[in-house]
Amino acid sequence: GVAIPAEEVSKNIPYDLTKVEATASNANYKFIGWYADEECTEKLTEITPTEDITVYALFVDKITVTVVGVKAGDPTEISLAAGDVILTKLPAYTSETLNDEGTKVFRGWYVGNEEDAIMLTEDIVLSFDETIETIWAKWVDAAKLTIDYAGKKDNDVIAYAVGDTIDLTAYKVNVGGYYIFDDFYTEAEYVNKFTATVINADITVYAKFNESATPFYGTSKGIY
């Protein structure tokens, strides 16, 4: 057993057990919590002792899981234990993360075979009776959309998956206090407006701005 670290506990006064963590003697175990019984069936978060009392620490085994498809420098193995939110133990890739070669974009962490794979979400935790051997990253063909601002600000590069719907709403911004956004065009000469809604290959669009005679500071839209 593991004893609560030595300290005085006042009689008849609530004592918060959530602030007391037992230290495992082996790094391969994870502390889960305190229980009223040796079988660890009745979890305790608080006690109000009227006499000497024994509480029991529950530890669970950690498992080592192989992680496939990570970017260079990221771990290829992680340790998990019951109660862990699995995603928090994995590299924090987003839907715009490209692979090391820049040819594919990340589309989630999965467990299981590709045919019946389950995508990991933020609410999935490892259960007490669950064993996972491998977690793998899904990568799909990427198509990059570059926004050319004609030197008025740094260009943006957005990573999509081939076939994704294009959404440039967040990039329709005024720039520098004098340049008011007009629209996106398919060429630097601003002849044809960009109207595509789906991306299938790398493309560049060109942001056109109209110059204002007076600064527009104080508006809610723009980069100043």
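1. Let's start at C40, which sits in the loop between β2 (29-35) and β3 (43-44). This is a predicted model, so read what follows as a description of a prediction. C40 is not a glycine, yet its phi is positive, at about 60 degrees. That is worth a second look because most residues other than glycine have a negative phi. C40 also counts as buried, because its relative accessible area is 17% and the cut-off for buried is under 20%.

2. There is another residue of this kind, N12. Phi of N12 is near 65 degrees, a positive value, and N12 is not a glycine either. You'll find N12 in the segment before β1 (15-16). Is N12 buried or exposed? N12 counts as exposed, with 51% relative accessibility, and the line for exposed is drawn at over 50%.

3. Now for the overall build. The protein has 13 strands and zero helices. If you read along the sequence, then, the pattern is simply β after β: β-β-β-β-β-β-β-β-β-β-β-β-β. Among the contacts between residues at least 6 apart in sequence, 59% join residues at least 24 apart.

4. What about the overall dimensions? The radius of gyration of the protein is 27 Å, whereas a compact globule of 224 residues would have one near 17 Å. Taken along the principal axes, the C-alpha atoms fill a box of roughly 85 × 50 × 25 Å. Keep both values in mind when you turn the model around on screen.

5. Of the 224 residues in the protein, 33% are buried. The protein exposes about 13,900 Å², and carbon and sulfur atoms supply 47% of that area. As for charge, there are 17 positive and 38 negative charges, and their mean positions are 10 Å apart.

6. T97 belongs to the loop between β7 (77-80) and β8 (104-111). With a relative accessible area of 15%, T97 is buried. The side chain of T97 reaches the backbone nitrogen of T94, at 2.8 Å. Which residues does T97 contact once its neighbours within four places in sequence are left aside? They are K71, K104, V105, F106 and W139.

7. E96 is partly exposed, with a relative accessible area of 41%. Not counting residues up to four places away in sequence, E96 touches V105, I158, A159 and Y171. V105 turns up in the contacts of T97 and in those of E96. If you want a distance to check, the C-alpha atoms of E96 and Y206 are separated by 21 Å, and the two residues are 110 residues apart along the chain.

8. Next comes L126, in the loop between β9 (118-119) and β10 (134-148). How accessible is L126? Its relative accessibility is 3%, so L126 counts as buried. L126 touches I63, L80, A81, A82, G83, D84, I86 and I132, leaving out residues up to four places away in sequence.

9. For a contrast in exposure, go to D52. D52 is placed in the loop between β4 (46-47) and β5 (56-61). At 79% relative accessibility, D52 counts as exposed. The C-alpha atoms of D52 and V9 are separated by 9.5 Å, and these residues are 43 residues apart along the chain.

10. Last stop: S212, found in the segment after β13 (203-211). S212 is buried, with a relative accessible area of 17%. Setting aside its neighbours within four places in sequence, S212 is in contact with Y178 and I180.

Technical notes: Residues are numbered from 1 along each chain as its sequence is written. This is a predicted model: local features need pLDDT of at least 70, side-chain atom pairs count only at pLDDT 80 or more; totals for chains, interfaces and linings use all residues. Side-chain values use heavy atoms; hydrogens and water are left out. Helices (H or I, at least four residues) and strands (E, at least two) are DSSP runs, numbered from the N terminus. Buried means under 20% relative accessible area, exposed over 50%, partly exposed in between (1.4 Å probe, protein chains only). A polar contact is a pair of N or O atoms within 3.5 Å; within protein, one must be able to donate a hydrogen and the other to accept it, and residues adjacent in sequence count only if both atoms are side-chain atoms. Contact means heavy atoms within 4.5 Å. The radius of gyration is taken over C-alpha atoms; the globule rule is 2.2 Å times the number of residues to the power 0.38. Accessible areas come from the Shrake-Rupley method with a 1.4 Å probe; for residues, only the protein chains shown count as cover. Lys and Arg count as positive and Asp and Glu as negative; His and the chain ends are not counted. The place of a charge is taken as NZ of Lys, CZ of Arg, CG of Asp or CD of Glu.
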